[in-house]
Each structure stands twice: as C-alpha cells, then as structure tokens.
Amino acid sequence: QVQLVESGGGSAQSGGSLRLSCVGYGYRRSSYCMAWFRQAPGKEREGVAGINLGGSATYADNVKGRFTISRDNARDLLYLQMNSLRPDDTAVYYCAAEEATEGLGDCMLSEEDYFDWGQGTQVTVSS
C-alpha cells in the first residue's frame, strides 16, 4: 500500500521561511509528476508547484520567486522550500503524486491529474 506523508508545517511570521517534506512509502517506481497543493479555509484546493522526474518545475503565479520545489527520486522525497511567506499562504498543504511513472513535459497543477494524496500539514503565517 502506497502512502504519502508530509511534515514540516508550522507557524511563521510574515517574511519568514518554512520547508515542507513529503516521503513516499511503498512506491515501486517514482511518479513522473509530484506536486504540492494547498487549501485555505473557505477556499478550494489550489496547485502550488509541481516537478517532474527530470527536475523541471512548474509554479503557480502567486508563489513564483518565493517557493522552490525539489525532489530526491532515489529516496522518494519531495520538498517545498517556502520563503518570504505571507499571511495569505496560510493553508493546509498537501503532497500529491500521479500514477504515471513516465511522461513528457512539465507537470500540470490540476487536482484530477494526481492519484495519491498525503494527509496534509498546516502552515500558518502571521503578520
């Protein structure tokens, strides 16, 4: 049984930094695309950043230049380095992986493209 487990959430001041981690258990092969999504209170879940097996990353416009996604394929690890945090970054952050283990091009940030999801980790940014 495969499982994604996030860690690293917590509280930060506006302008601060946090680093999220996600470890995959039970995967025989790494997913082509992995991504981070987030859901703020009262809002729909939105894509934050995605990364393919080759390391090519895609970012939502509102995090470009502030967040960096990376992955360690050998250890089934996914990271999200979040700098210059703002109060509107407050949300539950989810790690996601698609079923496909091969692909072409950059990753999309659409929920329907992802099959496995972590339980989420809370990030709270205060002003």
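Hi everyone. Let me start with what pairing means here: two strands count as a pair if DSSP finds at least two bridges between them. Keep that in mind while we look at this model, which is a predicted one.

So, which order do the strands of the open sheet follow? There are four of them, arranged β1-β3-β8-β7, and their pairing is antiparallel. At the edges sit β1, residues 3-7, and β7, each of which pairs on one side only. On average, neighbouring strands in this sheet are turned by 15° against each other, if we ignore direction.

Let's zoom in on β7 and β8. These two pair in the antiparallel sense, and six bridges join them.

The largest nonpolar core has 26 residues, and among the members that touch the most others are Phe67 and Met82, along with Trp36, Val48 and Tyr93. Which element gives the most to this core? That is β9, with four residues. Other elements that give two or more include β3, β4, β5 and β11. There is also a second, separate core of seven residues, and Tyr32, Ala35, Ala96 and Tyr114 are in it.

What does methionine 82 touch, leaving aside its neighbours within four places in sequence? Its contacts include Leu18, Leu20, Phe67, Tyr93 and Val123, and also Arg66.

Now for the loops. Between β7 and β8 there is a loop that holds aspartate 76. This aspartate 76 has a positive phi of about 55°, although it is not a glycine. Serine 84, in the loop between β8 and β9, also has a positive phi, near 50°, and is likewise a residue other than glycine.

Is serine 84 buried, exposed or partly exposed? Its relative accessibility is 40%, so serine 84 counts as partly exposed. The reasoning is simple, because buried means under 20%, exposed means over 50%, and partly exposed is in between.

Compare that with glutamate 44, in the loop between β4 and β5. Here the relative accessibility is 71%, so glutamate 44 counts as exposed. Apart from neighbours within four places in sequence, glutamate 44 is in contact with Arg38 and Gln39.

Terms used:
Residues are numbered from 1 along each chain as its sequence is written. This is a predicted model: local features need pLDDT of at least 70, side-chain atom pairs count only at pLDDT 80 or more; totals for chains, interfaces and linings use all residues. Side-chain values use heavy atoms; hydrogens and water are left out. Buried means under 20% relative accessible area, exposed over 50%, partly exposed in between (1.4 Å probe, protein chains only). Axes are lines fitted to C-alpha atoms, for helices over the stretch in contact, and angles run from 0 to 180 degrees between N-to-C directions. A nonpolar core is a set of buried Ala, Val, Leu, Ile, Met, Phe, Trp, Tyr and Cys residues joined through side-chain atoms within 4.5 Å. Contact means heavy atoms within 4.5 Å.
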